[in-house]
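Me: Here is a chain together with its ligand. Let us go through it in questions and answers.

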Amino acid sequence: MDVWLQWAMGPLFWTAMAFMVLGLVRHVGLTVWGSFRAYRRAGDKRFPVGKLVGSTLHWLVPVGKVRNRGFFSLTTVLFHAGVILVPLFLAGHIQLWRAGVGITWPALPNGVATTLTWVVIATAFALVVQRAGAKDSRALSRFQDYALPLLIVIPFLTGFLVMHPAWNPFGRDPVLLVHVLSADLLIFLVPLTKLSHMILMPFTQLVSELAWHFPEDAGSRVGVTLGKENEPI
Ligand code: HEM
């Protein structure tokens, strides 16, 4: 078991981290390059920069959305708070970083981390139920929309069991192994799934604005594609 744990916490973890970082850098590179090309070809090069920055910030902190679908918005804000804060600021994790690479930063009190852990577990299930229960969300959903929140529950639940042995009906090591393997899998999946929105989210407003700035000859090219180049627009 020791060998498996060392492998999962060592080589596998670092491979997953490298894969995630390189994958996200690639996503950003392709998005910036695509935006630059779209801007160069755009017929109308005027951009409402202030409005774009405003709507980007608005979507990064979606407080206004809480008014529209209150319960869903609250669930997703709480879910994101726990998913971001616990892995990054758990004292046990920071200790591993200090032991591994010598860096350290302030930690959340363990009690707060445990509360957030339960918040994530509860909100992950709530998100899946709310998605499946709403007709419009269900129609737009893919397999990963249901699978990812449930997969995210695994490292949170197993992490809780590792930190609270009185609740753990299994041995510490097998649960820790499942914890680290599920976390490694999630890290691998970041650039391959919608989890990549963690880095692409700030670009979405820019990209959708650019998408409406068609190249000057776009109309005639659509006409040619449809075989209607001689018809009046
Ligand atoms: C997606 C990434 C991860 C998430 C979401 C996550 C989440 C958690 C949670 C929720 C806890 C328990 C917190 C509590 O109940 O207060 C925990 C504990 C722990 N995690 Fe993770 N974890 C992740 C990645 C990792 C990785 C990659 C490792 C090892 C390389 C690791 C090692 C540990 C250890 C050793 C503990 C117990 C800490 C202690 O006993 O003080 N975790 N984790």
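Me: What pattern does the protein chain follow along the sequence?
Reply: This is a predicted model, in which local features need pLDDT of at least 70, side-chain atom pairs count only at pLDDT 80 or more, and totals for chains, interfaces and linings use all residues. Residues are numbered from 1 along each chain as its sequence is written. Helices (DSSP runs of H or I, at least four residues) and strands (runs of E, at least two) are numbered from the N terminus, and the protein chain has 13 helices and zero strands. Its pattern reads α-α-α-α-α-α-α-α-α-α-α-α-α.

Me: Is the protein chain a compact globule or more spread out than one, and what is its radius of gyration?
Reply: For 233 residues the globule rule gives 17 Å; the rule is 2.2 Å times the number of residues to the power 0.38, and the radius is taken over C-alpha atoms. The value for this chain is well over that, so the chain is more spread out than a compact globule. Along the principal axes, the C-alpha atoms fill a box of roughly 75 × 40 × 35 Å. The radius of gyration is 22 Å.

Me: Why are α5 and α7 called oblique to each other?
Reply: Axes are lines fitted to C-alpha atoms, for helices over the stretch in contact, with angles from 0 to 180 degrees between N-to-C directions. Angles under 35 degrees count as roughly parallel, over 145 as roughly antiparallel, 65 to 115 as roughly perpendicular and the rest as oblique. The axes of α5 (residues 70-89) and α7 (residues 110-133) come within 8 Å. They are oblique because they cross at roughly 135 degrees.

Me: How do the residues of the contact of α5 with α7 divide by class?
Reply: Residues are in contact if their C-beta atoms, placed from the backbone, lie within 7 Å. Among them are F72, F79 and V86 in α5, and L116, V120 and L127 in α7. Ala, Val, Leu, Ile, Met, Phe, Trp, Tyr, Cys and Pro count as nonpolar, Asp, Glu, Lys and Arg as charged, and the others, Gly among them, as polar. The contact has 14 nonpolar, six polar and no charged residues.

Me: Which helix gives the most to the shell around the ligand?
Reply: The ligand is surrounded by 22 residues, the closest being G92, A113, T114, G159 and A183; a residue is near if its C-beta atom, placed from the backbone, lies within 6 Å. By class the shell has 15 nonpolar, seven polar and no charged residues. At least two residues each come from α5, α6 (91-101), α7, α9 (143-163) and α10 (172-189). The helix that gives the most, with six residues, is α9.

Me: How many charged residues are in the contact of α1 with α10?
Reply: The axes of α1 (residues 2-9) and α10 come within 9 Å and cross at roughly 25 degrees, which means that α1 is roughly parallel to α10. The contact joins W4, L5, A8 and M9 of α1 to D173, L176, L177, V180, L181 and D184 of α10. Besides eight nonpolar and no polar residues, the number of charged residues is two.

Technical notes:
Contact = placed C-beta atoms within 7 Å.
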